[in-house]
Amino acid sequence: MEAHHAIPMKWQAQFDYSLDVYANMISLCPICHRKIHYGLKNERLKRLLYYNSRDALRRPNITED
């Protein structure tokens with residue numbers, strides 16, 4: 001399994017708190033992880049992952065280490 005940031009770290013400037021927390025990590029198999037980063041446009045899950053995790057990160061205390 002490999003860890004993947006649901007909300008990419010390149011978007012860190014848009015947030016007041018760190019995106020490098022467990023709440024923003026998704027465990028993926030290596031094949032799925034490569035598809036997210038290098039797959040064809042229809043194989044990429046970034047938008048889906050972003051919208052599913054964005055609201056979870058806004059819940060109170062979810063970003064505390």
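Modeller: Happy to! Helices (H or I, at least four residues) and strands (E, at least two) are DSSP runs, numbered from the N terminus. On that basis the protein has 2 helices and 2 strands, and their order from the N terminus is β-β-α-α. Please keep in mind that this is a predicted model, where local features need pLDDT of at least 70, side-chain atom pairs count only at pLDDT 80 or more, and totals for chains, interfaces and linings use all residues. Residues are numbered from 1 along each chain as its sequence is written, and side-chain values use heavy atoms, with hydrogens and water left out.

Let's begin with the strand. Strand S2 covers residues 25-28, and Ser-27 is part of it. Beyond its neighbours within four places in sequence, Ser-27 is in contact (heavy atoms within 4.5 Å) with Met-1 and Glu-2. His-5 is 22 residues away from Ser-27 in sequence, with 9.1 Å between their C-alpha atoms.

Now for the helix. His-33 sits in helix H1, residues 30-38. Again setting aside neighbours within four places, His-33 is in contact with Glu-2, Ala-3, His-4 and Leu-28. His-33 counts as buried because its relative accessible area is 10%, where buried means under 20%, exposed over 50% and partly exposed in between (1.4 Å probe, protein chains only).

Among contacts with a separation of 6 or more, 51% join residues 24 or more positions apart.
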